[in-house]
Amino acid sequence: MNGPTGAHQARKRFGQHFLHDPHVIARIIAAVAPLPGEHLVEIGPGLGAITVPLLRACGQLSAVELDRDVIPHLRAATAGLGRLDILEADALTVDFSALRHDQRPLRLVGNLPYNISTPLLFHFLEAAAHIRDMHFMLQKEVVERMAAGPGEADYGRLSVMLQARLKVVPLFEIGPGAFRPPPKVDSAIVRLLPLPEPRVPAALQAAFAEVVRLAFAQRRKQLRNTLKTVLAADAIEAAGVDPAARAETLDLAAYVRLAEAIPPR
């Protein structure tokens with residue numbers, strides 16, 4: 001999760017903002033509570049603000065870093081602290097299920113670049129069966145969207161899709177002053193816990209994703225209009241959903257029923 005900048009300048013194209021506030025770093029480590037022998041994977045370690053205390057606590061750490069220029073700084077900061085395995089790659093291209101080599105589930109930690117945070121979250125979902133938990137720093141408004149419930153202003157496609165697979169627990173907020181350079185937004189730490197069983201059966205996941213996508217693509221319109229390419233109004237009603245309702249009023253169970261109503265193709 002990035003560290004003291006030293007001579008290295010944050011790169012705008014990587015969405016870098018280096019964390020430097022020791023109080024915030026301590027709170028993050030306390031939230032993660034790493035233990036020796038656990039398989040932690042840090043996304044975007046940067047200069048090592050979080051990497052160093054994580055490595056001290058667990059003795060071994062995997063890290064995924066896209067910016068090759070920070071890797072020498074990272075190795076210098078962690079020298080002698082334990083085993084650090086660095087994968088120089090874009091996290092969006094990494095098969096996280098393949099990083100699990102034994103019975104230990106992965107624990108993901110990271111300061112996710114705000115410009116690609118949503119695609120990254122969906123990518124991590126693909127490996128949810130191999131992950132014990134995730135602790136991420138994100139833009140505060142993204143965390144609010146992730147945790148929102150039906151009827152709330154922030155409730156949307158991201159809320160529904162994540163909550164189908166994860167328990168979303170917002171932990172605490174972080175001001176811009178904790179970073180160099182300071183971002184123009186507030187940040188927040190969120191804990192994501194993969195559910196023992198997804199709330200959407202595997203056979204329905206494609207239809208579920210399509211219904212949710214269509215419903216929220218034009219969220220101000222009634223479902224009879226947004227879903228007309230996959231469900232007629234009478235089929236929506238037969239699923240126990242008002243065709244005149246709008247996307248933000250439906251809970252996850254209603255979306256599952258709509259997915260079940262879509263005829264097989």
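Guide: Helices H7 and H10 are roughly perpendicular to each other. The model is predicted, and the values that follow are computed from it. H7 covers residues 205-217 and H10 covers residues 252-261. Their axes lie 8 Å apart and meet at an angle of about 115°. Angles of 65 to 115 degrees count as roughly perpendicular, and H7 and H10 are therefore given that label. The crossing of H7 over H10 is right-handed.

The contact between these helices can be listed by residue. On the H7 side the residues are Ala207, Phe208, Val211, Val212, Ala215 and Phe216. They meet Leu252, Tyr255, Val256, Leu258 and Ala259 of H10. Sorted by class, this contact of H7 with H10 has 11 nonpolar residues, with no polar and no charged ones.

Gln163, in helix H6 (residues 157-163), has Leu252 among its contacts once neighbours within four places in sequence are left aside. Gln163 has a relative accessible area of 18%, and buried means under 20%, so Gln163 counts as buried.

Helix H4 (residues 117-125) is a further case of burial. Seven of its nine residues are buried, so H4 is largely enclosed by the rest of the structure. The buried residues in H4 are Ser117, Leu120, Leu121, Phe122, His123, Phe124 and Leu125.

Helix H2 (residues 51-58) has Thr51, Val52, Leu54, Leu55 and Cys58 as its buried residues. Viewed down the H2 axis, these fall within an arc of 165°, so they line one face of the helix. The cover over the buried residues of H2 includes helix H1 (22-32), strands E2 (39-43), E3 (60-65) and E5 (106-111), together with H3 and E4. After H2 comes Gly59, with a positive phi near 80°.

Gly59 and Leu55 are both touched by Gly82, not counting residues up to four places away in sequence. Gly82 sits in the loop between helix H3 (71-78) and strand E4 (83-88). Its relative accessible area is 42%, so Gly82 is partly exposed. Between the C-alpha atoms of Gly82 and Ile189 there are 26 Å in space, and the two are 107 residues apart in sequence.

Leu54 is one of the buried residues of H2. Pro34 has 10% relative accessibility, so it counts as buried. Its C-alpha atom is separated by 26 Å from that of Pro176, 142 residues apart along the chain. Ala33 belongs to the loop between H1 and E2 as well. Ala33 is not a glycine, yet its phi is positive, at about 50°. With a relative accessible area of 42%, Ala33 is partly exposed.

One backbone detail remains. The peptide bond joining Arg180 and Pro181 is cis, with omega about -15°. Pro181 is in the loop between strand E8 (179-180) and strand E9 (187-194).

Technical notes. Residues are numbered from 1 along each chain as its sequence is written. This is a predicted model: local features need pLDDT of at least 70, side-chain atom pairs count only at pLDDT 80 or more; totals for chains, interfaces and linings use all residues. Side-chain values use heavy atoms; hydrogens and water are left out. Axes are lines fitted to C-alpha atoms, for helices over the stretch in contact, and angles run from 0 to 180 degrees between N-to-C directions. Helices (H or I, at least four residues) and strands (E, at least two) are DSSP runs, numbered from the N terminus. Angles under 35 degrees count as roughly parallel, over 145 as roughly antiparallel, 65 to 115 as roughly perpendicular and the rest as oblique. A crossing is left-handed if the near helix is turned anticlockwise from the far one by less than a right angle, and right-handed if clockwise. Contact means heavy atoms within 4.5 Å. Ala, Val, Leu, Ile, Met, Phe, Trp, Tyr, Cys and Pro count as nonpolar, Asp, Glu, Lys and Arg as charged, and the others, Gly among them, as polar. Buried means under 20% relative accessible area, exposed over 50%, partly exposed in between (1.4 Å probe, protein chains only). The arc is that of the directions from the helix axis to the C-beta atoms.
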